Amino acid sequence: MEDAKVNEFLTTVKLDKNIQGNDLDILLSNFIKQASEMVCLYVGEDDLPTQLEVVVIRITEAHYVQSMNDADGTKSYSEEGASWSFQDNELTPFIPLLERYLANQETGSKGVLWSW
């Protein structure tokens, strides 16, 4: 993934999670690259399709929350009345979107004009 795209995603993640400063930029950039690779591998693409960029952002944000709560590798985490649940596979919540993307690629009908 090119650095410009990583920086674009990084800006979005930091805005979504209200992260100030640059202390976490290297960590978040690493999460973004990993999420992008997972999505590309799942859909069989070398480059991340534009339609799936939101999936990379959401996976990154979920992984950030999990890692900031020292909950890597756990299924749930609670602290002072707040609780979080995490997926075994970070792609799991996005499988319907990824499958829909793949289905659209197979049909080839998206954006095609049909005439009689």
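## Basis

The model is predicted, so local features need pLDDT of at least 70 and side-chain atom pairs count only at pLDDT 80 or more, while totals for chains, interfaces and linings use all residues. Residues are numbered from 1 along each chain as its sequence is written, and side-chain values use heavy atoms, with hydrogens and water left out.

## Fold and surface

The chain has four helices and two strands, arranged along the sequence as α-α-α-β-β-α. Helices (H or I, at least four residues) and strands (E, at least two) are DSSP runs, numbered from the N terminus.

Of the 116 residues, 34% count as buried (under 20% relative accessible area; exposed is over 50%, partly exposed in between; 1.4 Å probe, protein chains only). Among contacts with a separation of 6 or more, 54% are between residues 24 or more positions apart (contact: heavy atoms within 4.5 Å).

## Largest pocket

A pocket is an open set of points on a 1 Å grid over the protein atoms alone, with protein on both sides within 12 Å along at least five of seven lines; a cavity is a set where a 1.4 Å probe fits but cannot get out; lining residues have an atom within 4 Å of a point. Points are joined across faces, edges and corners, and a volume is the space filled by probe spheres set on them.

The largest pocket has a volume of about 200 Å³. Its lining consists of Met1, Glu2, Lys5, Ser36, Glu37, Cys40, Asp46, Asp47, Leu48 and Glu53. Helix α2 (residues 25-43) gives the most, with three residues. By class, the lining has three nonpolar, one polar and six charged residues (Ala, Val, Leu, Ile, Met, Phe, Trp, Tyr, Cys and Pro are nonpolar; Asp, Glu, Lys and Arg charged; the others, Gly among them, polar).

## Cavity

There is one cavity of 30 Å³ or more, and the largest cavity has a volume of about 40 Å³. Phe31, Gln34, Ala35, Met38, Ile59, Thr60, His63 and Glu90 line the largest cavity. Helices α2 and α3 (53-68) each give two or more of these residues, with α2 giving the most, at four. The lining has four nonpolar, three polar and one charged residues.

## Glu53

Glu53, one of the pocket-lining residues, lies in helix α3. Glu53 counts as buried because its relative accessibility is 14%. Beyond its neighbours within four places in sequence, Glu53 is in contact with Lys5, Glu8, Phe9 and Leu48. The side chains of Glu53 and Lys5 are joined by a polar contact of 2.9 Å (a pair of N or O atoms within 3.5 Å; within protein, one must be able to donate a hydrogen and the other to accept it, and residues adjacent in sequence count only if both atoms are side-chain atoms).
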